[in-house]
Amino acid sequence: MEKRITIVWIFSVTLLIGLTGCLAPQAGDPNPTFDGARLYRENCASCHGQSGAGNGPMLPHLSSPPSDLRTLSAMNNGVFPRLDVTRQIDGRDISAVHGSSEMPVWGWKFSHADNDKRDPVQQTRARISALVDHLETMQQ
């Protein structure tokens with residue numbers, strides 16, 4: 001009985017992983033979509049922390065503490081500063097701690113295509129928009 005449960009569990013996990021791949025942006029999809037929470041975890045959480053409080057595991061190694069991303073709206077009279085946040089991410093108003101506008105810390109992740117036929121500019125905009133959407137959900 002236990003062997004059967006293990007086999008069913010392995011099959012279920014394998015199926016889930018396979019279906020997750022189906023949810024990834026496809027080359028033929030003209031409007032790419034990205035998971036903002038995943039982008040945040042992969043590119044921001046190491047400094048800003050999982051909750052955005054500025055307490056990520058890199059904190060002891062940073063010369064200045066990261067911003068508390070949960071308070072962006074509060075610091076802007078209760079309105080989420082979407083354009084300002086977008087400009088920080090896309091490099092137009094880059095913070096010195098994120099690197100130069102040519103290569104922020106997350107560099108290639110936001111500025112290069114996923115080796116498919118979609119417009120790389122559209123992909124970059126979609127990534128940034130998904131991340132900004134996620135940051136907006138983190139506001140307190």
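Predicted model: local features only at pLDDT ≥ 70, side-chain atom pairs only at ≥ 80, totals over all residues.
The secondary structure comprises six helices and zero strands, and the order of elements from the N terminus is α-α-α-α-α-α. Of the 140 residues in the protein, 31% are buried. The accessible surface amounts to about 9400 Å², and carbon and sulfur atoms account for 59% of this area. When contacts between residues at least 6 apart in sequence are considered, 46% of them link residues at least 24 apart.

Helix α6 covers residues 120-137, a run of 18 residues. The buried residues of α6 are Q123, T124, A126, R127, I128, A130, L131, V132, H134 and L135. In general, an α-helix has 3.6 residues a turn, so residues three or four places apart point the same way.

Two residues were examined in the loop between α3 and α4, namely S73 and N77. This loop lies between α3 at residues 45-48 and α4 at residues 82-90. S73 has a relative accessibility of 9% and is therefore classed as buried, because the cut-off for a buried residue is under 20%. With residues up to four places away in sequence left out, S73 touches G78, V79, F80, P81 and Q139. N77, by contrast, is exposed, because its relative accessible area is 77% and the cut-off for exposure is over 50%. N77 also has a positive phi of about 55°, although N77 is not a glycine.

Note on methods: Residues numbered from 1 in each chain as written. Heavy atoms only, no water. Helix = DSSP H or I, 4+ residues; strand = E, 2+ residues; numbered from the N terminus. Buried < 20%, exposed > 50% of the residue type's maximum accessible area, 1.4 Å probe, protein only. Contact = heavy atoms within 4.5 Å. Expected span 1.5 Å × (residues − 1). Areas by Shrake-Rupley, 256 points an atom, 1.4 Å probe, with all protein chains shown as cover.
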